[in-house]
Amino acid sequence: MNFLTALVTFENLHEVRRLCHWGPVIALTVIAVCSSMAILDSIIWYWPLDTTGGSFNFIMLINWSVLILYNYFNAMFVGPGYIPLGWKPEKEEDTKYLQFCRMCQGYKAPRSHHCRKCNRCVMKMDHHCPWINNCCGHQNHAYFTSFLLLAPLGCSHAAFIFIMTMYTQLYERISFGWSTVKIDMSAVRRFQPIMPFSVPAFAATLFALGLALGTTIAVGMLFFIQMKVILRNKTSVEAWIEEKAKDRIQYYQTGEEFIFPYDLGRRWENFKQVFTWSGSPEGDGIQWPIHAKCHQHTLTIEQLKQKADKRVRSIQYRVVEDYNGACCPLSKGLNTFFRTPCTEEPRIGLHKGETILATRGTNAMTSETSSEEKKVK
C-alpha cells in the first residue's frame, strides 16, 4: 500500500506518458529484441559458466543493456531544462537584446529556443528528438550523447554474437554440392547445445542481426554529428545560426566579423561544458562562459538581425480557406494530402481572412508551396 501511495504521489509521474509515442516504442523494441536475442545466442554459442571468456562475454552483454537503458531513460525523463515561464533578465536594459516568446510570456534566455512540440522555451536547445519524445538540451545533452555512443557499441557486440552463433551452429549442417547449397536445419551437432538452434531461432537471429547493424550505422553517424558540435561548444541550432550569420554578412557586405561566442578555443574545455564527473552539466542554463571578444548577448543580437532580415524578405498571404491544423488534411484534396511535410511539428491552424507571412522556403518546399498558394492567395 505504501508503495502504491509513493507511486501515485510521484511528482514526475506525468513524464511516464512520454513512453506512449511511436519513437520510444520503436527504440525500446529494438533494444529489447537485440538484447534478448544476444543473451539467448550467447547461451547457445558461448555458454557463460564453462569458461572465463564466456562469463566475460555475458557480463559485457548485460553491461551494455544496462548502460544503454540508463542513459536513454535519463535523456528522456531528466529532460533538457526549461526557461521559467515569464522569465526576464535581471537587468531591464538587456531585454532589448532578447527575443520575446509570446507562448511562454517571457524572454528567451541566451541559447534557448522555443520548441513547438514541448510548448516551452528549452535551455540550450539542440533539437527535438522523436526517439526519446523530448528535447535534447542543456541538462540531458550528455545522457543523450552517451546513449548515441553506447547503442552502436552494444549493437556491434550483439552483431558479433549473432554472426558467430549462426556460423558455429550451421557449419556442420551445410553440405556443398556442385550446383546447390543445402541447409539441413534438423541435423544434430556432435555437441548438442543447451538450447536448440531451430529454424525460428535462425530467423530471429538473422532479423536481430539486421536491426543491430542498422542501428550501429544510423546511431553511430548521429553520435559523430553530435560530437562535432559539442567539441565546438555548439548545438545543431547554433551551427545553423552561425552559417546564416556568415551568409548574411557576405550577402549585404556589412564588413562585420562574426565570432561564435561560446567556443572556448580548446576542444577539451568545450567537452567539459557538457560532460562532467557529477553527470550535471556546467552552468545554470542562462549564463554561459564566452569568448574573450564576445559578451552574453552576441548570439542573441545576431538572431535579432536575422529575424529582421527574414521579415524584410517575407511574403504576405491572405487566407481564403479555413484549415484546422490537421496533420493529413483529407478534406483539402489528395494532392495536398500526399505532399504533407514529414515533420512532427504541430501545424498552424488558419482562419479565412487572416493575413500570414511566409518567411521560409527551400527547394524541397517549392512544389508544396505552389500548391498551397492556390489556397491562400
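Biologist: What are the percentages of helix and strand over residues 25–47, and how far apart are the end C-alpha atoms?

Modeller: In this predicted model, residues 25–47 are 91% helix and 0% strand, with 31 Å between the end C-alpha atoms. The span is one of those that an unreviewed UniProt entry annotates as "transmembrane region", and such an annotation may be inferred rather than shown by experiment.

Biologist: Why is Trp-22 called partly exposed?

Modeller: The relative accessible area of Trp-22 is 42%; since buried means under 20% and exposed means over 50%, with partly exposed in between, Trp-22 is therefore partly exposed. Trp-22 belongs to helix α2, which covers residues 22–45.

Biologist: Which residues make the nonpolar surface patch that includes Trp-22?

Modeller: Trp-22, Ile-26 and Trp-131 make this patch, whose area is about 300 Å².

Biologist: How much of the whole chain is buried?

Modeller: Of the 377 residues in the chain, 40% are buried, and the chain has 10 helices and 10 strands. Its accessible surface comes to about 22,700 Å², with 62% of that belonging to carbon and sulfur atoms.

Notes. Residues are numbered from 1 along each chain as its sequence is written. This is a predicted model: local features need pLDDT of at least 70, side-chain atom pairs count only at pLDDT 80 or more; totals for chains, interfaces and linings use all residues. Side-chain values use heavy atoms; hydrogens and water are left out. Patches are made of residues with over 30% relative accessible area and no salt bridge: like charges are joined within 9 Å, nonpolar side chains (Val, Leu, Ile, Met, Phe, Trp, Tyr) within 5 Å. Accessible areas come from the Shrake-Rupley method with a 1.4 Å probe; for residues, only the protein chains shown count as cover. A salt bridge is a side-chain nitrogen of Lys or Arg within 4 Å of a carboxyl oxygen of Asp or Glu. Helices (H or I, at least four residues) and strands (E, at least two) are DSSP runs, numbered from the N terminus. Buried means under 20% relative accessible area, exposed over 50%, partly exposed in between (1.4 Å probe, protein chains only).
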